[in-house]
Amino acid sequence: MKKAQLRIGETIITLLIFFILLGMGLIFYVKFKSVSLEQKLQDQDQINTLNIAAQVKFFPEIQCTFLGTEISDCLDKYKIIAFSQLVELNDPNNRLNQYYSSLFPNTLVTVYVISSGDEQVYPLFGRNTTAESKGLDILSIPTAVYDPINDIYEFGYMKIEVFV
Amino acid sequence: MFVGAIILFFFVSFGLKYKANAEVGLALTTVNQLDRVLTSASVSSQTSTKITLPKQKLIFSCDAEACTSQGCSSSIILFTPNGEGVSRDVSMLPIFSPKNMKGEEVTTMTLLWKYPFTISNLVYLIPDNIRIYIDINDNDETLIDLNKLLRNFNISAYPYTSNVQFPDGIKAKIITKDPEVLSVTSSASQTLRGNIDVFVIKSDREISTSTGSTVFFDIPTLLGVILSENTDMYECNMKKAVIKYENVQQIYERRVAELDHELSRLRSERGRGLQCTYQYDSLPIQSIQNNLVDIKTTLDSNKREYERMNENELRRSCPVMY
């Protein structure tokens, strides 16, 4: 009887140690997985921001064109003005804002034009809400801005803010 | 024994759960990769590249009945071996492709759609088993242009003759102006019949296919009809492009108004300046309510107006619309 009890006790202790080791292994695995997942998510967010930048830069809505031919690395000042006027930021019912905000969710795109020392700001689309966002990826891309009336190129940059 | 059974059950269920998660994870990675290929294809126009699709079943869906001002309900769905689907939304990107694909070598091609100004990139997925036959016997300009375009992208287009032999395992797409060619499908052998599509181009850019009639606007959209699964899929993807047209049109018309306003201000300020008029008479498009035939009529009328205005303003050395 005592021998049998001893054996049962041994088995219980063995199982207990086994489950403790298993639990520790699981905790370690979950921790390791969550860290690598977080890193993966961060990388994904950065790729996403770059993707958005590449797409916005090639938007025919703002790109310079002459007789239907695109001019690379150039934004048209009056297309930017028109876009900015038509898209009223923070108006959820605005058709254009709805379109571009669902194309690039949680993204705010603004074009800055430096003209004779002044900085003009043209918000293009997006919702300026940061309350529920955990972080922010910002990317600024310098670009030439063409003024078709004065036939001159000005310096500008496009700022892409992605709320994550 | 009881404890052993519990431990075994725990490991088996953990393994199964892990396998299922890994499959979904793999499908998600594949869909993300495909999404990236499509995104890069959509920003770099006039390009083509070859990709191999995943071994799992891939479905492209597009529902023209579910279009809003934010695009049409459309997605890429990749199924895991368990039958679980991982989807990616492509509601704004026009993609012309077969509906179902699986582990195929596919050429992705991107063309810019201009009507007359740049609207959007159109993405085409051309599986290697598709073979395009063009009937250029009657020297039709559209067919010759289509042939040239495909040749520029190294996509083989074969000349169609009445005694052409279709190899096994290919899906033949015959593009012609001659309705007589339709008899090919009925005279073909039973095994080939389902694999031959005949596209007959009629007057005013109307095209009839085995799945119905539709309209195309130019060569890139004609290629869209040919490479789409059916006319419904083509029209759904065209609607995505037309929704984008509405946005671009709105911005360009506002730009013209701004240019006109600024030039008038400068003229009155300096007492001289460019005499630009920016006169045009465009029509609004109801892309969601209207069918593609009505949309084409409106777009054609607007195209003529914008082209006329651009020419006039160019003659006056004024900034042009597009």
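Reader: With which residues is A:Phe83 in contact, leaving aside its neighbours within four places in sequence?

Author: A:Phe83 is in contact with A:Glu61, A:Ile62, A:Leu124 and B:Ile251. The word contact applies because two residues qualify if their C-beta atoms, placed from the backbone, lie within 7 Å. This is a predicted model, in which local features need pLDDT of at least 70 and side-chain atom pairs count only at pLDDT 80 or more, while totals for chains, interfaces and linings use all residues. Residues are numbered from 1 along each chain as its sequence is written, and chains are lettered from A and ligands numbered from 1 in the order in which they are written.

Reader: Which residues touch the most other members of the largest nonpolar core, and what makes a set of residues a nonpolar core?

Author: A nonpolar core is a set of buried Ala, Val, Leu, Ile, Met, Phe, Trp, Tyr and Cys residues joined through C-beta atoms within 7 Å. Buried means that 20 or more other C-beta atoms lie within 10 Å of the residue's own (exposed: 12 or fewer; partly exposed: in between), with C-beta atoms placed from the backbone. Of the 104 residues in the largest such core, A:Phe83, B:Tyr124, B:Ile134, B:Ile175, B:Phe199 and B:Ile226 touch the most other members. H6(B) gives the most to this core, with 14 residues.

Reader: Why is this core said to lie between domain 1 and domain 2 of chain B?

Author: Both domain 1 (2-239) and domain 2 (240-315) of chain B give residues to the core, so it lies between them. These bounds come from an automatic or database domain assignment. The centres of the two domains, taken over C-alpha atoms, are 33 Å apart. Their contact takes 22 residues from domain 1 of chain B and 17 residues from domain 2 of chain B.

Reader: Which element gives the most to the side of domain 1 of chain B that touches domain 2 of chain B?

Author: That element is H6(B), with four residues. Helices (H or I, at least four residues) and strands (E, at least two) are DSSP runs, numbered from the N terminus.

Reader: How many residues of chain A are in contact with chain B?

Author: On chain A, 26 residues are in contact with 24 residues of chain B. Helix H1 (2-57), helix H2 (77-86) and helix H3 (95-103) of chain A are the elements that give two or more residues to this side. H2(A) supplies the largest share, seven residues. The residues of this side divide into 15 nonpolar, seven polar and four charged. Here Ala, Val, Leu, Ile, Met, Phe, Trp, Tyr, Cys and Pro count as nonpolar, Asp, Glu, Lys and Arg as charged, and the others, Gly among them, as polar.

Reader: Which residues of H3(A) are buried, and what do they pack against?

Author: The buried residues of H3(A) are A:Leu96, A:Asn97, A:Tyr99, A:Tyr100 and A:Ser101. They pack against H2 and strand E4 (118-125) of chain A together with H6 of chain B.

Reader: Why is chain A called more spread out than a compact globule?

Author: Chain A has three helices and six strands. Its radius of gyration is 28 Å, well over the 15 Å that the globule rule gives for 164 residues, so chain A is more spread out than a compact globule. The radius is taken over C-alpha atoms, and the rule is 2.2 Å times the number of residues to the power 0.38. The C-alpha trace of chain A spans about 105 × 30 × 30 Å along its principal axes.
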